[in-house]
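Here are my notes on this entry, as requested. Please read them with the structure open.

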Amino acid sequence: MAQVKFDEMIAQKIAQHGLDARLAAVLNALADAITRIEADVRIGPLAGNIGLAGAQNVQGEDQKALDVIADIHVQKALEGVAGVAALVSEELDDVIWLKEPQQGDFLVYYDPLDGSSNLDVNLSVGTIFSIIPVQADGDRNVLHPGRLQICAGYALYGPATTIVLTFGDDVQGFTMDPQTGAFLRSHDAFSVPTDAAEFAINISRYRHLPPGFRAYIDDCLAGKDGPRGRDLNMRWVASMVAEIHRILTRGGVFLYPVDAKTLDKGGRLRLMYEANPMSMIMAAAGGAGSTGWQDIVDVMPQGHHDRVSVVIGSANEVAEVVRYNASYPKNMGSA
Ligand code: AFP
């Protein structure tokens, strides 16, 4: 039986849910940008473009040439697509307004190349995107809670290149056929196990963590001899898209909590184009996304580059982290 193509699924979903028909062109344009980014990532070292771009982004982080190249691919793909009112990119200080916003137009938030510090060591990276409709004619506000997302997805540039997409009902995966470049459905409906056998955290930050998180990690490490009564495994890829994809596939929990070193910024990972889309995807697959204290999609942004504390994964494990935090004050560890 012929495999369902990405554009076919989008058309089906839009018809099924009575979504704005213009969304198809937006998502197919994103798939085109992903195809171009994939080609650049795949050849990276040979094209000499995995070094630093010599610039820094609004986060004050060195931009790698591919970060900038990937951002340009997304911009070029989306400018001129009917209904795209604004772009909010991790790589751009300011919001790009492409048209006078009309209610129902699309605000597209994206991280063009997440995990780019893995490029020079040839590890998986990804592109993350989130779409929220303009709320009213002329409304130039882009600071909306993640609960208003109508669509979220990512591309994982790994051994295979896979796009994962949700409209909030289910989560489907489409893998690029290297022969044709077409994205064919490879995952009908991700369903994340409610219990986790693995946790993912940069454990070197342990001493900076809030006490609730430290207590949770202590008990994970105590394994079957401790309160958890079972051993858990640990993973850390340092590429959020790869971590989330693993958890979608076999369960687990990904933690990047706010800590004493990131408290002034509110955390490490960004709300609008990392935490919100990944939370929507995980929730649609039966999991959860929390700051450790509240649902991520209920966080009201103050700025479009806001950072946030992140705990995303198997529903029961996220609830466990929230339970630990409820028993401890919200102060931070050592700076
Ligand atoms: P880069 O995009 O700078 O590589 O950061 C990747 C990331 O935002 C996220 O994808 C990882 O989960 C996390 O940072 C890795 O953080 P550590 O460098 O502290 O491991």
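This is a predicted model: local features need pLDDT of at least 70, side-chain atom pairs count only at pLDDT 80 or more; totals for chains, interfaces and linings use all residues.

The points below take the ligand site and then the sheet.

1. Ligand shell. The ligand is surrounded by 14 residues. The closest are D114, S117, M240, Y256 and R268. By class, the shell holds six nonpolar, five polar and three charged residues.

2. Y256 places a side-chain N or O atom 2.6 Å from a ligand oxygen. For R268, the distance from a side-chain N or O atom to an oxygen of the ligand is 2.8 Å. N202 has a polar side-chain atom 3.0 Å from a ligand oxygen. Y256 and R268 are also listed among the closest shell residues.

3. Cover. On its own, the ligand has 480 Å² of accessible area. The protein covers 87% of that area.

4. Sheet. Eight strands make up an open sheet with mixed pairing. Their order is β4-β3-β5-β6-β7-β8-β9-β10. The edges are β4 (96–97) and β10 (183–187), each of which pairs on one side only.

5. The β8/β9 pair. Which way do β8 and β9 run relative to each other, parallel or antiparallel? Strand β8 (residues 161–166) pairs with strand β9 (residues 171–176) in the antiparallel sense. Five bridges join the two strands. In one of the pairs, T166 has V171 in β9 as its bridge partner.

How values were computed
Residues are numbered from 1 along each chain as its sequence is written. Side-chain values use heavy atoms; hydrogens and water are left out. A residue is near a molecule or strand if one of its heavy atoms lies within 4 Å of it. A polar contact is a pair of N or O atoms within 3.5 Å; within protein, one must be able to donate a hydrogen and the other to accept it, and residues adjacent in sequence count only if both atoms are side-chain atoms. Accessible areas come from the Shrake-Rupley method with a 1.4 Å probe; for residues, only the protein chains shown count as cover. Ala, Val, Leu, Ile, Met, Phe, Trp, Tyr, Cys and Pro count as nonpolar, Asp, Glu, Lys and Arg as charged, and the others, Gly among them, as polar. Two strands pair if DSSP finds at least two bridges between them. Helices (H or I, at least four residues) and strands (E, at least two) are DSSP runs, numbered from the N terminus.
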